[in-house]
Amino acid sequence: MTPAVDIDPRALRAEFPIFTPVGDRAPLVYLDSAATSQKPTAVLDAMDRYYVETNANVHRGVYELADEATARFEAGRDSVARLVGATRDGTIFTKNASEAINLVAWSWGVRNLRPGDVVMVTEMEHHSGIVPWQIVAEITGAEVVFAPITGDGQLDLAWIEMTLRDAPVRILNVVHVSNVLGTINPVADIARMAHAHGAMILVDGSQSVPHMPVDFPDLDADFLAFTGHKMLGPTGIGVLVGRPEILDAMGPFLGGGEMISDVRTDGSDWAELPWKFEAGTPPIAEAVGLGAAADYLRHIGLDRIRAHERELVAYAFDALSEIDGLAIYGPRDPDLRGAPISFSLPDLHPHDIAQLVDRQRVCIRAGHHCAKPLMRTLGVTATARASGYLYNDSHDIDALVSALQAARSYFAR
Amino acid sequence: MGGLDDLYQELILDHYRRPRHRGELADPTISVDQNNPLCGDQLHITVRLDGERIAELAHSGDGCSISQASASMMSDVVVGHTTDEALEMIEHFRQVMHREAQADEDRIGDAIALEGVNKYPVRIKCALLSWMALKDGLLTRQADRQEGR
């Protein structure tokens, strides 16, 4: 699986307009791709072309323009499905990953969970994998339990196995790659454990699908949720991939146009998959853009992106550990982690760190990263986080290290 | 660079490094918690009133330099004043943060150094955290007293 040719981030950057130099401003050092990625011209052009050439509503008009709009929209779906090895009818467009998880929580959870049933999430889950289940648990009387993490920031698989054996767990919501710790969780192993005990599993792929090969059949999961804007695509669109037979048995989520086959005064019938879950006019240009992003990623190669980021993380670990007192959270082995690197500096609050490194146009995130239960486990209120992608290289890490040193001396003045 | 020096004035860093009135009162008249949902910062404020006068105030919790310095500056300036005077100071500081008023040192003391924060929309919440916590605590107490609790 060793990629034949390494990625050249400097060359790739020419395809991302945001990196175009502006006058004598310092170059942009963008290390916040776990929050949102930058967009290549291929994606921006595809969306522009959709509006300029074929704008019409989809699945409605009988005229040629509407057919073209529908064709581009559905081609976007096919590109996304191809990227993760999913079927067309099992690939549903949502607003974002949060909505994808809410879809399962409401469509499946509300109708199937009973008092005493258990929903298992993890301590390293993003709020989007926790809160929908808490809401649904309140309605159904089910209980939400949190799988703990070990000292080095990995899931406690023994605890998960034990709880699956001893408690009536109906579904697991597990993040594939932690947006804080960077941990790559063995979701295929967890899926096997879940299924052996009759539970379903939803994998949150928001931080994995953009960064590494993810094959839905290989994961052996029931659902996979991810979002467009973290994988070079636009905001406003996310994806729920599911096993068609499970989706088929589920009732609809949102009601409205597009998702019906018949509406009568005495009731309605639902459209077939995937449209049953896509109420109202969908994000059409966004689907076209996301399809272009999926094609772009496939063209570069997710295995090459993964190999590049593994190198980048290893380089960053070495470079950051030269800063006195800097602590990195999560596993140390680059094989066990994806791109996000959370860290802290003694006596310098993450907010101040992020503000000060911005002087060198270094963009990093500071805060709880929508993972407050994890923050409590780590015993912090916030961390700083640098997260790279295919367009970052070692120079960006060097710029971060130098900006961190400068931040430190600024506060020590 | 000039911009950031505006934000991180020497006086702010001084209050951050050596916060005044830090801690927790043993037997407070008012005890209030406030979170900044944006960054997860947490603040705990305890107040001991002597009649309607703020005799003592202490703040504790975690936060960035701006929120910690602001809590320290606020504590300095409100102690010794009545609750109504404190509410007026809080309102003035809120207006300064929202660029509705020029900072008046006579009313908010060292906290005038925080005026530059109002150019950083995300950080305004950090600066306001302690002031809004105290406002909450004072108003809740006034309401309780009116209801005779």
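Predicted model: local features only at pLDDT ≥ 70, side-chain atom pairs only at ≥ 80, totals over all residues.
Colleague: Which strands of chain B are the edge strands of its open sheet?
Modeller: The sheet has three strands, paired antiparallel, in the order 1-2-3. An edge strand pairs on one side only, and this applies to strand 1 (30-35) and strand 3 (53-62) of chain B.

Colleague: What angle does the direction of helix 6 of chain B make with that of strand 1 of chain B?
Modeller: Within the sheet, neighbouring strands are turned against each other by 15° on average, direction ignored. Helix 6, residues 121-146, packs on this sheet and touches strand 1, strand 2 and strand 3 of chain B. Between the direction of helix 6 and that of strand 1 of chain B, the angle is about 140°.

Colleague: How many residues of chain A are in contact with chain B?
Modeller: Chain B contributes 13 residues to this contact. By class, that side of chain B has seven nonpolar, four polar and two charged residues. On the side of chain A, the number of residues is twelve.

Colleague: What percentage of the contacts in chain A with a separation of 6 or more is accounted for by residues 24 or more positions apart?
Modeller: In chain A, 51% of the 413 residues are buried. Of the contacts with a separation of 6 or more, the share of residues 24 or more positions apart is 71%.

Colleague: Which element gives the most to the side of domain 1 of chain A that touches domain 2 of chain A?
Modeller: The domain assignment gives domain 1 as 9-30 + 301-411 and domain 2 as 45-298, with C-alpha centres 28 Å apart. Contact between them involves 23 residues of domain 1 and 24 residues of domain 2. On the domain 1 side, the elements giving two or more residues are helix 11 (302-320), strand 12 (340-344), helix 13 (372-378) and strand 15 (383-387) of chain A. With five residues, the element that gives the most is helix 11 of chain A.

Colleague: How many charged residues does the side of domain 1 of chain A that touches domain 2 of chain A have?
Modeller: That side is made up of 23 residues of domain 1. Twelve of them are nonpolar and six are polar, while the number of charged residues is five.

Colleague: Why is one side of strand 11 and of strand 14 of chain A left without a neighbour in the sheet?
Modeller: Four strands of chain A form an open sheet in the order 11-12-15-14, with antiparallel pairing. Strand 11 (327-328) and strand 14 (365-367) stand at its edges, so one side of each has no neighbour in the sheet: each has a single partner strand.

Colleague: Which strands of this sheet does helix 11 of chain A touch?
Modeller: Strand 12 and strand 15 of chain A pair in the antiparallel sense over four bridges, and Ile341(A) stands opposite Ala386(A) in strand 15. Helix 11 packs on the sheet, its direction making about 10° with that of strand 12. The strands touched by helix 11 are strand 11, strand 12 and strand 15 of chain A.

Colleague: Is Gly141(A) buried or exposed?
Modeller: Gly141(A) lies in the loop between helix 5 (131-140) and strand 4 (143-147) of chain A. Not counting residues up to four places away in sequence, Gly141(A) touches Arg114(A) and Pro115(A). Gly141(A) has 11, so the residue is exposed.

Key. Residues numbered from 1 in each chain as written. Chains lettered and ligands numbered in written order. Contact = placed C-beta atoms within 7 Å. Nonpolar A, V, L, I, M, F, W, Y, C, P; charged D, E, K, R; others polar. Domains from an automatic or database assignment. Buried ≥ 20, exposed ≤ 12 C-beta atoms within 10 Å, placed from the backbone. Pairing = 2+ DSSP bridges. Axes fitted to C-alpha atoms, helices over the stretch in contact; angles between N-to-C directions.
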